[in-house]
Amino acid sequence: QVQLVESGGGLVQAGGSLRLSCAASGRTFSSYTMGWFRQAPGKEREFVAAISWRGGTTYYADSVKGRFTISRDTTLYLQMNSLKPEDTAVYYCAADSGPIVLRPGPWDYWGQGTQVTVSS
């Protein structure tokens, strides 16, 4: 069992930065693939970024590539730079015991989400 708690969301102006964190508890956190997803009002949850359990492999959605960076140690992070109003969403941390999958359905565990709002 893995419990996930996100933090670091907030209100920022376009062009600004935020760093999201996801604290995980559970014996085998270090062996899980970790990811970030987001969901804007009226839209489906979408993939943002993911990192392998060893941290050597990362994937990014085209919409955030070059602006966002996912990393992990004992905590999962998402550094978000050059934020745009279209990045406004609730951001969710997720964990999975399998390989990286770029859609939300197969992921095993989810946090409660943290709101990110980017003003223009």
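**Rings that meet**

Student: What relative accessible area does Tyr-32 have in this model?
Tutor: This is a predicted model, where local features need pLDDT of at least 70, side-chain atom pairs count only at pLDDT 80 or more, and totals for chains, interfaces and linings use all residues. Residues are numbered from 1 along each chain as its sequence is written, and side-chain values use heavy atoms, leaving out hydrogens and water. Buried means under 20% relative accessible area, exposed over 50% and partly exposed in between, using a 1.4 Å probe and protein chains only. Tyr-32 counts as buried, because its relative accessible area is 9%.

Student: How many aromatic pairs does the structure hold?
Tutor: Rings of Phe, Tyr and Trp (its six-membered ring) pair if their centres lie within 6.5 Å; planes under 30 degrees apart are stacked, over 60 edge-to-face, the rest tilted. By that rule, the structure's aromatic pairs number five.

Student: Which residue forms an aromatic pair with Tyr-32?
Tutor: The two rings sit edge-to-face, 5.9 Å centre to centre with 65° between the planes. Tyr-32 is in the loop between strands S3 and S4, and its partner, 77 residues away, is in strand S10 (strands are DSSP runs of E, at least two residues, numbered from the N terminus). That partner is Tyr-109.

Student: And which residue does Phe-37 form an edge-to-face pair with?
Tutor: The centres are 5.7 Å apart, with 75° between the planes. Phe-37 lies in strand S4 and the partner in strand S5, so the pair ties together parts 10 residues apart in sequence. Both residues are buried, and the partner is Phe-47.

How values were computed. Helix = DSSP H or I, 4+ residues; strand = E, 2+ residues; numbered from the N terminus.
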